[in-house]
Amino acid sequence: MAVERVARFRDLLADGPAEVTLKLQFSVSPMGPAQAVGRLGGSVPQTCQRCLQTVMLELDQPFRFALVDSDRAEGKLPEDMDRLRLDENGRISLSELIEDELILSLPQIPWHPAGQCDGQVASMLDGLKSPVEETETRRPFSGLDALLKNDKPESD
Ligand SMILES: [Zn+2]
């Protein structure tokens, strides 16, 4: 899968190597709708909002979607069940699913863990005035591209 297809997610990251892994299974039950079940993991760089340096964040985002192909099928689902609509060819948009879940897996405000951050909360405004130092080699998404190529659905 091309990195461009998760552009909204990429825009949230700082420069640096990113790694994303995807586990995905489809389960079919006679008692209910088919489901896509999986977990996103990996580690990605974001900018710490205290010190404005790069912080590597671990991703761990489980997900479960009921697959539906019509309004009628969707209406039968329990209210609280996440659903994914199949397109007219009976396929799901995997990149859309992945991107939404990736974005959800990021913290709203990325910070270093306590004790690992050089900055103070009070320095946030100061940080905005000074340019961010870039010490890291620029290799945006060198790992993500390769990993997301392996996104074929597995059936069990
Ligand atoms: Zn920090």
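Me: Hey, which residues does Met-56 touch, not counting those up to four places away in sequence?
Reply: Met-56 touches Ser-43 and Pro-45; a contact is a pair of C-beta atoms, placed from the backbone, within 7 Å. Before we go on, this is a predicted model, where local features need pLDDT of at least 70 and side-chain atom pairs count only at pLDDT 80 or more, while totals for chains, interfaces and linings use all residues. Residues are numbered from 1 along each chain as its sequence is written.

Me: Good to know. Where is the place of Met-56?
Reply: Met-56 belongs to strand S3. Strands (E, at least two residues) and helices (H or I, at least four) are DSSP runs, numbered from the N terminus.

Me: And why does Met-56 count as partly exposed?
Reply: Because Met-56 has 15 C-beta neighbours inside 10 Å. The cut-offs are 20 or more other C-beta atoms within 10 Å for buried, 12 or fewer for exposed, and partly exposed in between, with C-beta atoms placed from the backbone. Its C-alpha atom is also 6.3 Å from that of Gln-46, ten residues apart along the chain.

Me: Zooming out, how many helices and strands does the chain have?
Reply: Five helices and five strands, in the order α-β-β-β-α-β-α-α-α-β along the sequence. The chain has 156 residues, and 17% of them count as buried. Of the contacts with a separation of 6 or more, 66% are between residues 24 or more positions apart.

Me: How many bridges do S1 and S2 pair over?
Reply: Nine, and strand S1 (residues 19-27) and S2 run in the antiparallel sense. Strands pair here if DSSP finds at least two bridges between them. Leu-22 faces Leu-40 in S2.

Me: What about S2 and S3, parallel or antiparallel?
Reply: Antiparallel, joined by 13 bridges. Thr-47 stands opposite Thr-54 in S3, and Val-44 has Leu-57 as its bridge partner in S3.

Me: How many residues are between the strands in that hairpin of S2 and S3?
Reply: Six. Leu-52 lies in this loop between S2 and S3, and it has a positive phi of about 65° although it is not a glycine. Most residues other than glycine have a negative phi.

Me: Is Leu-52 buried or exposed?
Reply: Leu-52 counts as buried, because 20 C-beta neighbours lie inside 10 Å.

Me: Which strand runs parallel to S3?
Reply: That would be strand S4 (residues 83-85), with three bridges to S3. Leu-67 is bridged to Leu-84 in S4.

Me: Switching to Pro-33, where is it found?
Reply: Pro-33 sits in the loop between S1 and S2. Leaving out residues up to four places away in sequence, Pro-33 touches Ala-66, Leu-67, Val-68, Ala-73 and Leu-77. Pro-33 and Ala-66 are 33 residues apart in sequence, yet 5.9 Å apart C-alpha to C-alpha. With 19 C-beta neighbours inside 10 Å, Pro-33 counts as partly exposed.

Me: OK, the core. Which residues have the most contacts inside the largest nonpolar core?
Reply: Val-20, Val-44 and Leu-102, in a core of 14 residues. Strand S2 (35-47), strand S3 (54-68) and helix H3 (94-105) are the elements that give two or more residues to this core. A nonpolar core means buried Ala, Val, Leu, Ile, Met, Phe, Trp, Tyr and Cys residues joined through C-beta atoms within 7 Å.

Me: And what does Leu-102 touch, not counting residues up to four places away?
Reply: Leu-102 touches Val-6, Phe-9, Val-20 and Leu-40.

Me: Which residues of H3 are buried?
Reply: In H3, Ile-98, Glu-101, Leu-102 and Ser-105 are buried. Seen down the axis, the buried residues of H3 fall within an arc of 105°, so they line one face of the helix; the arc is that of the directions from the helix axis to the C-beta atoms. The cover over them includes helix H1 (7-10), S1, S2 and S3. On the other side of H3, Glu-96 and Leu-104 are exposed.

Me: Last one: what is the mean pLDDT of the chain?
Reply: The mean is 79, and 73% of the residues reach 70 or more. Residues 130-137 have a pLDDT below 50, and this stretch has four contacts in the model beyond near neighbours in sequence. pLDDT is the predictor's confidence in each residue, from 0 to 100.

Note on methods. Contact = placed C-beta atoms within 7 Å.
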